[in-house]
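We will walk through one chain, stop by stop, with something to select at each.

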Amino acid sequence: ILFRRKAPHGSISTRISETCKPEERAPARGAEKWHKGVDAAGPGENLVVAVVFNDGSDEDTSDDGTGAAVLAFWSNRGQPVCYPVLTKRAPVSFAPEAMREDLARRLFHEAHGDAREPTAEDLARYAAAVTREDCEEEAFTRAHRETVVALALHPDHDGAENRLPVGTEKERAFKEWVIAEMARRKAAGGYVPRGLVGEG
């Protein structure tokens with residue numbers, strides 16, 4: 001999923017650049033690798049960056065009362081992972097709201113099995129049961145998985161996938177997905193079709 005959002009008043013980057021104070025903007029990127037010293041098997045909070053927006057209005061659209069709503073989660077801390085052989089993996093953004101239909105589809109199949117695909121009415125009904133928190137958690141998880149894969153394929157983080165925690169069923173599923181995705185990308189020579197990024 002590559003997230004691109006166009007609003008009447010411009011893109012996300014335009015919106016941020018026009019509303020952020022100078023001290024709130026990210027520092028300029030240097031020549032040093034952003035992932036130097038980063039543990040690819042560590043907490044996702046160290047690997048993913050959130051794009052948030054607070055329009056300063058009285059209406060609070062956030063879940064935590066801060067007024068800042070998450071527009072997307074960027075993999076790779078929003079920066080590319082550059083590999084030794086003239087290739088790189090650009091960051092990918094995952095919008096929480098873009099997760100809603102997939103989560104609704106998942107709920108449908110959990111309830112009815114895989115015998116048939118849900119109709120538009122089915123998806124609408126199950127989407128109503130998906131919370132904003134569910135969407136943010138799914139977007140964060142996908143950005144986290146994408147980052148781990150991108151880093152584990154870099155020589156600096158060789159074997160990181162083997163150090164991922166496996167204490168819970170969710171952690172085991174996360175590790176299995178990462179290892180399978182790494183194998184798929186290696187077999188494809190590093191090429192990743194856009195529609196497949198972070199799926200599952």
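Begin in the loop between β4 and β5 (81–83), and select Asn-76, which has its place there. Strands here are DSSP runs of E with at least two residues, helices are runs of H or I with at least four, and both are numbered from the N terminus. The phi angle of Asn-76 is near 55 degrees, a positive value in a residue other than glycine. Is Asn-76 buried or exposed? Its relative accessibility is 0%, so Asn-76 counts as buried. The cut-offs are under 20% relative accessible area for buried and over 50% for exposed, with partly exposed in between (1.4 Å probe, protein chains only).

With a relative accessible area of 34%, Arg-77 is partly exposed.

Before going on, a word about what you are viewing. This is a predicted model, in which local features need pLDDT of at least 70 and side-chain atom pairs count only at pLDDT 80 or more, while totals for chains, interfaces and linings use all residues. Residues are numbered from 1 along each chain as its sequence is written, and side-chain values use heavy atoms, with hydrogens and water left out.

Colour by pLDDT next, the predictor's confidence in each residue, from 0 to 100. The chain has a mean of 82, and 70% of its residues reach 70 or more. Select residues 1–8 to find a stretch where pLDDT stays under 50; the model gives this stretch 22 contacts (heavy atoms within 4.5 Å) beyond four places in sequence.

Zoom out to the whole chain. There are 5 helices and 7 strands, following the pattern β-β-α-β-β-β-β-β-α-α-α-α along the sequence. Of the 200 residues, 40% count as buried. Among contacts between residues at least 6 apart in sequence, 61% join residues at least 24 apart.

Then select β3, β4 and β7 together. These 3 strands form an open antiparallel sheet in the order β3-β4-β7. The edge strands are β3 and β7, each pairing on one side only. Two strands pair if DSSP finds at least two bridges between them.

Take the two pairings in turn:
- Strand β3 (residues 49–53) and β4 run antiparallel over 5 bridges; here Phe-53 stands opposite Ala-69 in β4.
- β4 and strand β7 (residues 93–94) are antiparallel over 2 bridges, and Phe-73 stands opposite Phe-94 in β7.

Why is β4 described as largely enclosed by the rest of the structure? Because 5 of the 6 residues of this strand (residues 69–74) are buried.

For the last stop, show α2 (100–112), α4 (132–152) and α5 (169–187), each of which supplies at least two residues of the lining of the second largest pocket. Its 16 lining residues include Leu-103, Arg-106, Glu-138, Thr-141 and Lys-170, which lie nearest its centre.

Definitions and conventions
1 Å grid on protein atoms, 1.4 Å probe; cavity = no way out; pocket = protein on both sides within 12 Å on 5 of 7 lines; lining within 4 Å.
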